[in-house]
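Please read the following briefing alongside the sequence and the model, which are shown here.

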Amino acid sequence: MTLSKDHFKIHSIIKFKFENSDLCSISYNSFLPELDSIKSTRSKISMEKKESILIFTIESKDIIAFRASVNEIISFGKIVDQTLHISENF
């Protein structure tokens, strides 16, 4: 018996809520080039902006690819958070 690798798919949504729509827009425009450079046949990340919320949608064919996609989004979130923290202190 041969098992297919596509037994399931993972679909997840991660939302970042910002204080205002300007910060959201800046973050969206900052991550957009990075998002375009992420190429994978096993996982797909899409991003949309609604007012002051960034919505990331992940569709993965396996758990390893899903984890890598989540890590990309978390890394981006850390950069945004640290940048906002630094800019508040100036």
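Two salt bridges are counted in this predicted model, a salt bridge being a side-chain nitrogen of Lys or Arg within 4 Å of a carboxyl oxygen of Asp or Glu. Because the model is predicted, local features need pLDDT of at least 70 and side-chain atom pairs count only at pLDDT 80 or more, whereas totals for chains, interfaces and linings use all residues. Residues are numbered from 1 along each chain as its sequence is written, and side-chain values use heavy atoms, with hydrogens and water left out.

**Salt bridges**

- Side chains of opposite charge can pair when their charged atoms come close.
- Arg42 and Asp62 join their side chains in a salt bridge with an N to O distance of 2.8 Å.
- Arg42 sits in the loop between helix H1 (21-37) and strand S2 (43-50), and Asp62 in the loop between S3 and H2, so this pair ties together parts that are 20 residues apart in sequence.
- Arg42 counts as partly exposed at 39% relative accessibility, on a scale where buried means under 20% relative accessible area, exposed over 50% and partly exposed in between (1.4 Å probe, protein chains only).
- Lys50 and Glu48 form a salt bridge in which the closest N and O atoms are 4.0 Å apart; Lys50 is partly exposed at 48% relative accessibility, and Glu48 is partly exposed at 36%.

**Aromatic pairs**

- The structure holds five aromatic pairs, where rings of Phe, Tyr and Trp (its six-membered ring) pair if their centres lie within 6.5 Å, with planes under 30 degrees apart counted as stacked, over 60 as edge-to-face and the rest as tilted.
- The rings of Phe56 and Phe76 have centres 6.0 Å apart and planes at 65°, so they form an edge-to-face pair.
- Phe56 belongs to strand S3 (residues 53-60) and Phe76 to helix H2 (residues 63-88), so the pair ties together parts that are 20 residues apart in sequence.
- Phe56 is buried, with a relative accessible area of 0%, and Phe76 also counts as buried, at 7% relative accessibility.
- Phe16, Phe31, Phe56 and Phe76 are linked into a cluster by ring pairs.

**Chain as a whole**

- The chain has two helices and three strands, taken as DSSP runs numbered from the N terminus (helices H or I, at least four residues; strands E, at least two), and along the sequence they follow the pattern β-α-β-β-α.
- Of the 90 residues of the chain, 28% count as buried.
- Along its principal axes, the C-alpha trace spans about 65 × 20 × 20 Å.
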